[in-house]
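Please have the sequence and the coordinates open while reading.

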Amino acid sequence: MEETLFQKIANKEIPAQIVYEDELCVAFRDVSPVAPVHVLLVPRKPIPSIAAAGTEDAELLAHLMLKVRDIALAEGVSESGFRVVLNTGVDGGQTVPHLHIHIIGGRSMQWPPG
Ligand code: AMP
């Protein structure tokens, strides 16, 4: 199966500003940031979206959530606040079919989202 864009970034076949990586996941700066802090956290496993995750991914998903916490702290937005977004499917506005978590901060967010 062809690699997803985010697998190519994780495998360093496409350049990105990587801010964190381990054996399970990679985090890098979004190429079109919507806020002063905009990091994408992706599992190395190419799960297409959160809707396609399985029970067997439970530990991986928990790992990702704790990395969200760590990255927010490292990016200096843990105290001021930040937003965590998982765009999913067509109505969710997902454009890359590889599960990714947006970590967005450094400015005040609006609600509801567009
Ligand atoms: P989504 O719309 O939730 O699927 O988010 C995909 C995100 O990937 C968008 O915010 C894009 O700006 C970002 N993106 C696309 N290509 C790259 C890339 N090569 N490096 C970093 N971020 C990217």
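Which element gives the most to the shell around the ligand? The answer is helix H1, which contributes three residues to that shell. The model discussed here is a predicted one, and every value below was computed from it.

## The shell around the ligand

The ligand is surrounded by 16 residues, and the closest of these are Asp 30, Asn 87, Thr 95, His 100 and His 102. Sorted by class, the residues of the shell comprise seven nonpolar, seven polar and two charged members. Two elements give two or more residues to the shell around the ligand once its position in the second largest pocket is considered, namely helix H1 (5-10) and strand E2 (25-29).

For Asp 30, a polar atom of the side chain lies 2.5 Å from an oxygen atom of the ligand, and for His 102 a side-chain N or O atom is 2.8 Å from a ligand oxygen atom. Thr 95, by contrast, is placed through its backbone, where an N or O atom lies 2.6 Å from an oxygen atom of the ligand.

On its own the ligand has 500 Å² of accessible area, and the protein covers 81% of that area.

## The pocket that holds the ligand

The space that the ligand takes up is the second largest pocket, which contains about 340 Å³ of space. Its lining consists of 20 residues, and those nearest the centre of the pocket are Phe 6, Phe 28, Asp 30, Val 31 and Leu 40. The elements giving two or more residues to this lining are H1 and E2, with H1 supplying the largest share, three residues.

By class, the lining of this second largest pocket divides into ten nonpolar, eight polar and two charged residues.

## The largest pocket

The largest pocket holds about 410 Å³ of space and is lined by 17 residues, of which Arg 83, Val 85, Asn 87, Ile 104 and Pro 113 lie nearest its centre.

Strand E4 (82-85) and strand E5 (101-105) each provide at least two residues of the lining of the largest pocket. The classes represented in that lining are six nonpolar, seven polar and four charged residues.

## Backbone features to check

The peptide bond that runs from Trp 111 to Pro 112 is cis, with omega near 0°, and Pro 112 is located in the segment after E5.

Lys 12, although not a glycine, has a positive phi of about 65°, and Lys 12 is found in the loop between H1 and strand E1 (18-21).

Notes:
Residues are numbered from 1 along each chain as its sequence is written. This is a predicted model: local features need pLDDT of at least 70, side-chain atom pairs count only at pLDDT 80 or more; totals for chains, interfaces and linings use all residues. Side-chain values use heavy atoms; hydrogens and water are left out. A residue is near a molecule or strand if one of its heavy atoms lies within 4 Å of it. A polar contact is a pair of N or O atoms within 3.5 Å; within protein, one must be able to donate a hydrogen and the other to accept it, and residues adjacent in sequence count only if both atoms are side-chain atoms. Accessible areas come from the Shrake-Rupley method with a 1.4 Å probe; for residues, only the protein chains shown count as cover. On a 1 Å grid over the protein atoms alone, a cavity is a set of points where a 1.4 Å probe fits but cannot get out, and a pocket is an open set with protein on both sides within 12 Å along at least five of seven lines; lining residues have an atom within 4 Å of a point. A molecule sits in a cavity or pocket if more than half of its atoms lie within 2 Å of its grid points. Helices (H or I, at least four residues) and strands (E, at least two) are DSSP runs, numbered from the N terminus. Ala, Val, Leu, Ile, Met, Phe, Trp, Tyr, Cys and Pro count as nonpolar, Asp, Glu, Lys and Arg as charged, and the others, Gly among them, as polar. Grid points are joined across faces, edges and corners, and a volume is the space filled by probe spheres set on the points.
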